[in-house]
Amino acid sequence: MRAGDTVADLVRTEGTRVLATLARVTGSIELAEDATQDAVVRALETWPRDGIPHNPRGWLLVTARHRALDVLRREARRAGKEAAAMLPTWPEPEPPEVVRDDLLRLVFTCCHPALSAEAQVALALRTLAGLSTAEVAAALLVSEATMAKRLTRARQKIARARIPYRVPAAEELPDRLAGVAATVYLVFNAGYDADEPAATARLTAEAVRLGRLLAELFPDEPTALGLLALMLLQDSRRAARTDADGRLVLLADQDRSRWDRAAVTEGVTLVGTALRRTPDRPEPYVVQAAIAACHALAPSYRETDWDAVVSWYDVLLTVHDTPVVRLNRAAAVAERDGPAAGLALVDAITDLPGYPWWHAARAELLYRSGDHPAARAAYDRAVAAGLRRQAADHLRLRLDRPPAGQP
Amino acid sequence: MPRYVALTYTKDVDWTSPEYRAEMADYAEFGKAAAAVIRGGDALYPTSTATTVRVSGGKGGDVLTTDGPFAETKEALTGFYVLECADLDEAVKVASTIPAAWDGAVEVRPIIEF
C-alpha cells in the first residue's frame, strides 16, 4: 500500500483485481462485477471501523466469492439444475503473475475494438476504475438510465458475440495496447474538455489512475509510459487553467506557481524513461509528453524553449500527421518567429474549416498582427463553429480590450 | 462452439455474369482456405431480384410485396457464410479474409443457439 492511499482507494484498486479474477473463474463479467461490488460495499463498511485486514485482496476475494456462489446457487435452483455441477472450482490465493494476467484480460476485453468508443469509455470507468454506474453517468454528464443502458448493451455484446477474455497474442499486442491507450486518453480528454470543474477533476483523476494501471502492467512499453506522462503533465496545470470566475486561462497567462510540481516531476521522469525505451519509431504519446515537458520545465511562457517545442512537433508529424498537430506546431512557430510566420502556417492548413480552434488561432494571430477587424471576424467564425464557452469568453475579453498604444 | 454469420456487403453485382469470374475464383479460394470453419453459406442474386414482403395489420393481414431489397444502400447484401469459430476474435480474423472485406464490408453476427 502506497503512503497516502485512503481506504476507499485501496478497496477500489484491489477490487479491480478481484473482479478480474472472478470474471475469469465464473466466465461472466456481469456476475463478477455484482459480486465484487458487494464485497467492496462490505469493506467500506467494516474496514474503517475494524481496521484494514492483513491481506486486503484475499479478504475481498473471499467475500466476493461467497456472493458469486450465492448467485450461482440461486440460478441453478431456478433452472432446476444440480448446483454443484455449475459451480466453478475456486482457485487458492493467486500468484502475482496470474493476477497480472487476469487484469490484462479484463483491460483488453473492456477496450476490445469490437466495442464502440463510447462503450469502451463507459466500461473503463465502471469496470476497470470501479466507479458506480451513477458516478460514471455523472462524470460523463449523461443520465443514469442512459449509462445503465449503455453498459448493459456493452456487456451483452461481450457475452453474446463472445468477445474473448484473453490476453492478445504478442503480434497483436502493439495494436491492441494502442487501442487501450486511446480509450484511456478519451476518458482524460472528456475530463479536460468538460465545462464543469467537478467532472474535470473526476475524469482526469480516473484517467490518470487507469494510466498508472497500464504503466504498472506494461513497465517497458513506451505507449503506456508516454500516455501516463502526457496525462500527468497536462493535468499538472489543472489548478491554473481557470481563474476565480471559472474562466479559461491560457498557457501564456497561467500562474505557474499553481502547477502541481509533484506531477510535473513524475511526468518529466516518465518521459525520460519512455524515450530510453523507444526503439526506433517515435511513439506519439511520448512525443506529445515531451512537448508538454518543455512547457512544464519553462520558468515562464516567454522563456519557453520554442525551438525545442517546434522540433518535437516536427518529430510528431513524422508519425502522427494531422491538421490539428500542424495547427499546434503553427502556434509554436508563431511564438518563436512572430505572428506573421505563424499565421502563414495556419492559413496553409485548409482542412479545418469546421474546427473552432483553427478560427480561434487565426483570431489570436490576426489580433497580434494588428488586424483587429479580421480578428473579430475570425472570432465570430470560431464561435459559430462551436468554440467552447470558456475559451470563447477568454478570446472575446481579449478582443474587447483595446491593444496597448491605441486610444 | 459458437457460430457466426458473416454477411457480405459489396457492390450490387450479378455473380453469375462472366465478368465476375475472377471474383468468384477469389471466393472459391477463401472457401477452400476457411473450409475448416465454414458451416454453410451462399452467394445471392442481385437486389434487382429481391422481393420484400410485409403483412399489414398483424398476423393474417394483407400481404404487401414490394420489388427490391429491404433497404436501398450503396453496398448490398450479396452473400453470406456461416462460420463456427471459438470466439469473436477468430470470427473477425476469418471474416477479414473474405474478399468482400476489401471490396465492401463484412458484418459478423453471432447466431443464437437455442
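How close do the axes of helix 1 and helix 3 of chain A come, and at what angle do they cross? The views below show this predicted model.

**View 1. Helix 1 of chain A crosses helix 3 of chain A.** The axes of helix 1 (residues 7–26) and helix 3 (residues 56–78) come within 9 Å and cross at roughly 45 degrees. Axes are lines fitted to C-alpha atoms over the stretch in contact, with angles from 0 to 180 degrees between N-to-C directions. Helices are DSSP runs (H or I) of at least four residues, numbered from the N terminus. The crossing is right-handed.

**View 2. Residues join helix 1 to helix 3 of chain A.** Helix 1 contributes residues including Leu10(A), Val18(A) and Leu22(A). Contact means C-beta atoms, placed from the backbone, within 7 Å.

**View 3. Leu214(A) sits in the largest nonpolar core.** This core has 120 residues. Such a core is a set of buried Ala, Val, Leu, Ile, Met, Phe, Trp, Tyr and Cys residues joined through C-beta atoms within 7 Å. Buried means 20 or more other C-beta atoms within 10 Å of a residue's own. Beyond neighbours within four places in sequence, Leu214(A) contacts Val180(A), Ala181(A), Val184(A), Ala224(A), Leu227(A) and Leu228(A).

**View 4. Chain B meets chain A.** Five residues of chain B are in contact with six of chain A.

Residues are numbered from 1 along each chain as its sequence is written, and chains are lettered from A and ligands numbered from 1 in written order. Local features need pLDDT of at least 70 and side-chain atom pairs count only at pLDDT 80 or more, while totals for chains, interfaces and linings use all residues.

Note on methods. Buried ≥ 20, exposed ≤ 12 C-beta atoms within 10 Å, placed from the backbone. Contact = placed C-beta atoms within 7 Å. Helix = DSSP H or I, 4+ residues; strand = E, 2+ residues; numbered from the N terminus. Left-handed = near helix turned anticlockwise from the far one by under 90°.
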